[in-house]
Amino acid sequence: MSKDELIEILQDWNFWRKELETGIPRQAYLARVKQFLETNQVLTITGPRRAGKSFIMRQAAQALTQHGAGKNNVLIVNFEDPRFPELNTKWLERLYETYLEFLAPKGQVYLFLDEVQEVDGWERWVRYMHELKKARLVVSGSNAKLLSRELGTLLTGRHLDVTVLLLSFGEFLEFSGMTLKDRLDMLNQRVAIQGLLRKYLEHGAFPEVSLSEQKKALLLNYFEDLVTKDLLRRFRIRKPQELKALIKYYLSHVATLSTFNAIARSLKLSALTVEKFSGYLEQVYLVFFLRRFSFKVREQEKSPRKVYAIDTGLSNAVGFRFLENAGRLAENAVFLQLKRRQAFEPELEVYYWKDVQHREVDFVLKRGTRVRELIQVCWQVEEASTKERETRSLVKAMGELKAGSALVITEDYEAEETVKEQRIRFVPLWKWLLDHEERDET
């Protein structure tokens with residue numbers, strides 16, 4: 001490939017001679033990226049495919065050009081562009097030298113390397129660029145362990161991480177055209193917000209899906225893309241049908257307990273295969289596993305784990321039907337919001353709780369040595385028997401764990417009640433998501 005051909009491709013991804021589409025700004029992530037860019041460390045942006053990493057990088061690059069950096073000083077490279085040849089460090093160095101020759105940047109250079117794991121040996125080139133202070137570097141990828149392992153080995157203590165998840169409910173409202181000025185405005189638009197919450201649970205939170213009319217078709221396309229590019233090709237899986245069967249099992253059983261042995265029996269696979277494939281699914285952010293709370297590590301490891309999906313829309317498109325599982329999807333949405341919170345509060349630990357009488361609490365929030373809060377998700381709390389069962393589990397866990405507070409997240413019920421001398425709050429999901437989001441970003 002000639003230098004002219006290289007520059008022609010790069011012009012499509014950069015602000016040098018034209019404005020690029022940057023999408024709707026996701027301010028919480030953008031603020032962190034801009035803050036980290038002021039340090040002299042490599043910034044890694046990870047997250048699931050189609051979560052919006054590329055747009056956040058583009059927004060950050062645009063912000064640099066608007067606040068002092070010359071447009072020629074910012075280079076964005078998307079390594080999934082099919083026009084690029086076989087990718088390796090020798091080619092990467094040639095690309096960088098071609099950029100310097102044609103653009104002749106003066107002063108600090110910023111490199112945004114999107115889906116960098118496509119380049120063989122990329123981590124050594126990044127280290128070389130960083131150590132010689134040739135550029136400030138931002139790299140992105142769709143595999144959590146790949147980036148953390150390789151950069152962690154070569155750049156110990158010299159890189160910062162941002163994990164981009166799908167749209168929070170507040171972001172989803174913004175993408176849907178709703179702006180909430182203050183809390184009073186939120187209460188006044190309650191009915192509209194509840195309608196959008198239903199869409200949020202049913203169709204999920206991929207940014208492009210939220211803006212599209214062809215939601216299910218797009219979700220199924222994402223699923224095939226993820227399986228092919230992030231799983232089959234990257235992990236060289238020889239039995240794709242076994243992998244797809246496991247994915248559909250997990251997406252059809254969100255917010256439920258499972259063990260590798262039980263799944264293996266159900267799918268007629270080996271437990272070793274289920275465990276190995278499950279690790280792959282977690283690496284590419286398709287599913288997450290929640291451990292049981294226990295002060296004994298061995299007990300945590302032996303207990304069943306709860307599974308949650310990266311997106312409720314994907315669960316509906318590939319797994320079960322929305323109307324039959326609204327409660328489990330609501331629990332999945334709560335889990336994902338807690339994952340976002342962990343990005344801003346690294347000391348926060350999240351578990352589920354279950355005792356020998358099979359009483360269960362969905363989420364245990366722990367900081368340091370103390371359990372701070374218990375959260376139960378109960379969609380139809382108006383039913384007396386359901387309410388009694390869920391609050392009984394909370395009261396038992398509050399006593400055993402000495403938790404500071406307890407919360408029941410509901411479809412629409414709101415109250416504060418005393419149950420066996422324990423105060424329990426009941427909050428609708430839509431209000432909890434929006435209130436929680438405000439706290440996370442402050």
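A polar contact is a pair of N or O atoms within 3.5 Å, and the tour of this predicted model opens with one such pair.

Select Asn88 and Lys90 at the start of helix H4, where a side-chain oxygen of Asn88 reaches to within 3.2 Å of the backbone nitrogen of Lys90. Now extend the selection to the whole of H4, residues 89-103, and check its length: at 1.5 Å a residue, its 15 residues should span 21 Å, and because the end C-alpha atoms are 21 Å apart, the two values agree.

Staying with H4, show the side chains of its buried residues, which are Trp91, Leu92, Glu93, Leu95, Tyr96, Thr98, Tyr99 and Leu103. What covers these buried residues? Among the elements to display around them are helix H1 (3-11), strand S2 (74-78), strand S3 (110-114) and helix H5 (122-131). Two of the buried residues, Tyr96 and Tyr99, also belong to one aromatic cluster with Trp16 and Trp125.

Finally, select two places where a charge meets a ring: the charged end of Arg32 sits over the ring of Phe344, 5.2 Å from its centre, while Lys387 lies over the face of Phe426, at 5.2 Å from the ring centre.

Methods: Residues numbered from 1 in each chain as written. Predicted model: local features only at pLDDT ≥ 70, side-chain atom pairs only at ≥ 80, totals over all residues. Heavy atoms only, no water. Phe/Tyr/Trp six-rings, centres within 6.5 Å; stacked < 30°, edge-to-face > 60°. Lys NZ or Arg CZ within 6 Å of the ring centre and 35° of its normal. Helix = DSSP H or I, 4+ residues; strand = E, 2+ residues; numbered from the N terminus. Expected span 1.5 Å × (residues − 1). Buried < 20%, exposed > 50% of the residue type's maximum accessible area, 1.4 Å probe, protein only. Contact = heavy atoms within 4.5 Å. Polar contact = N/O pair within 3.5 Å; in protein donor to acceptor, adjacent residues only side chain to side chain.
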